[in-house]
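Please work through the exercises below with the sequence and the structure at hand, trying each task before reading its solution.

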Amino acid sequence: MTPIHFTISTAFMLSLSGLAFHRTHLLSALLCLEGMMLSLFIAISLWTLQLNSMNFSMAPMILLAFSACEASAGLALLVATARTHGTDRLQNLNLLQC
């Protein structure tokens, strides 16, 4: 495994473990998701460069567009949650309440 692949895999795993174990605030969960998407974007970009193929050249841009949509939806949910509940702590959110 090359150092670049090790670095990308480590960044993805650290973001995944942060999402799994440190779920106190919604903002920290969103930041972990953004870290995962960034490491995937870099990995797919490097994979496209290594293949030297034009067939997969749009894949990183499509992933980046989905990442931007995910970030905007997450921030909208964060603002809505902070307005209705007064905090962004995930323990205070109950999905059974309206």
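This is a predicted model: local features need pLDDT of at least 70, side-chain atom pairs count only at pLDDT 80 or more; totals for chains, interfaces and linings use all residues.

**Exercise 1.** Determine how helix α2 and helix α3 are oriented to each other, and what kinds of residues make up their contact.

*Solution.* Begin with the axes: those of α2 (residues 26-51) and α3 (residues 59-85) come within 9 Å and cross at roughly 175 degrees. Angles over 145 degrees count as roughly antiparallel, and α2 and α3 are therefore roughly antiparallel to each other. Next, look at the residues that meet, which include Leu30, Met37 and Phe41 in α2 and Leu63, Ala71 and Leu78 in α3. Sorted by kind, the residues of this contact comprise 16 nonpolar, 5 polar and 2 charged.

**Exercise 2.** Find which residues of helix α1 are buried and which helix they pack against.

*Solution.* Helix α1 covers residues 3-21, and its span of 26 Å from first to last C-alpha is close to the 27 Å expected. Within α1, the buried residues are Ile8, Ser15 and Gly18. Because they cover an arc of only 95 degrees around the axis, they lie on the same side of α1. These buried residues pack against α2, while Pro3, Phe6, Met13 and Phe21 are exposed on the other side of α1.

**Exercise 3.** Decide whether Thr48 is buried or exposed, and list its contacts beyond four places in sequence.

*Solution.* Thr48 belongs to helix α2. Buried means under 20% relative accessible area, and Thr48, at 10%, is therefore buried. Once neighbours within four places in sequence are left aside, Thr48 is in contact with Ser53, Phe56, Ser57 and Pro60.

Methods: Residues are numbered from 1 along each chain as its sequence is written. Side-chain values use heavy atoms; hydrogens and water are left out. Axes are lines fitted to C-alpha atoms, for helices over the stretch in contact, and angles run from 0 to 180 degrees between N-to-C directions. Helices (H or I, at least four residues) and strands (E, at least two) are DSSP runs, numbered from the N terminus. Angles under 35 degrees count as roughly parallel, over 145 as roughly antiparallel, 65 to 115 as roughly perpendicular and the rest as oblique. Contact means heavy atoms within 4.5 Å. Ala, Val, Leu, Ile, Met, Phe, Trp, Tyr, Cys and Pro count as nonpolar, Asp, Glu, Lys and Arg as charged, and the others, Gly among them, as polar. The expected span of a helix is 1.5 Å times one less than its number of residues. Buried means under 20% relative accessible area, exposed over 50%, partly exposed in between (1.4 Å probe, protein chains only). The arc is that of the directions from the helix axis to the C-beta atoms.
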